[in-house]
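Visitor: Could you walk me through this one? I'd like to start with the charged pairs and then move on to the fold.

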Amino acid sequence: MGIVLGIEMSRLARSGREWHQLLELCALSGALLGDQDGVYDPAGHNDRLLLGLKGTLSEAELHLIRQRMWSGRVAKARRGELAVPLPAGFARRPSGEVVAGPG
């Protein structure tokens with residue numbers, strides 16, 4: 001294999017361990033990494049530095065997305081609009097009221 005192409009390589013960087021493992025394998029085998037931003041040689045110092053930085057930023061972005069989603073759930077719960085899956089034996093009426101289900 002000579003090159004690993006991706007639409008957005010930072011998507012692969014959601015897990016730092018897997019991202020750096022991919023970089024290491026490509027560097028050892030001489031394979032390049034390419035996306036719409038450019039082609040990178042993980043064996044080269046500058047490209048390796050840039051790819052590592054992209055991976056770190058993607059991990060931070062994932063953390064921020066999780067944090068925003070959690071804040072959204074908390075805000076809905078405060079407004080009384082958070083609908084969670086109900087346990088067996090309960091049902092939700094169209095009005096949102098929870099009642100004991102049939103049977």
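Guide: R93 has a relative accessible area of 43%, which makes it partly exposed, a class lying between buried (under 20% relative accessible area) and exposed (over 50%), computed with a 1.4 Å probe on protein chains only. This is a predicted model, in which local features need pLDDT of at least 70 and side-chain atom pairs count only at pLDDT 80 or more, while totals for chains, interfaces and linings use all residues. Residues are numbered from 1 along each chain as its sequence is written, and side-chain values use heavy atoms, with hydrogens and water left out.

Visitor: Which side chain does R93 meet in a salt bridge?

Guide: R93 meets E97, at 3.1 Å from N to O; a salt bridge here is a side-chain nitrogen of Lys or Arg within 4 Å of a carboxyl oxygen of Asp or Glu. E97 is partly exposed as well, at 41% relative accessibility.

Visitor: How many salt bridges does the structure hold?

Guide: There are 5, among them the one between E81 and R79, at 3.0 Å from N to O, where E81 is partly exposed at 45%.

Visitor: And D35, is that buried or exposed?

Guide: D35 is buried, with a relative accessible area of 14%, and it forms a salt bridge with K54 whose closest N and O atoms are 3.8 Å apart. That pair links distant parts of the chain, since D35 sits in strand β2 and K54 in helix α2, 19 residues apart. Helices (H or I, at least four residues) and strands (E, at least two) are DSSP runs numbered from the N terminus.

Visitor: OK, the sheet now. What is the strand order?

Guide: The order is β1-β2-β3, in an open sheet of 3 strands with mixed pairing, where two strands pair if DSSP finds at least two bridges between them. β1 (3-5) and β3 (38-40) stand at the edges with a single partner strand each, so one side of each has no neighbour in the sheet.

Visitor: How do β2 and β3 run?

Guide: They run antiparallel, with 3 bridges joining β2 (residues 32-35) to β3, and L33 stands opposite Y40 in β3.

Visitor: Which residues make up the largest nonpolar core?

Guide: It has 9 residues, V4, M9, W19, L23, C26, A31, L33, Y40 and L51, a core being a set of buried Ala, Val, Leu, Ile, Met, Phe, Trp, Tyr and Cys residues joined through side-chain atoms within 4.5 Å. Helix α1 (residues 16-29) gives the most to this core, with 3 residues.
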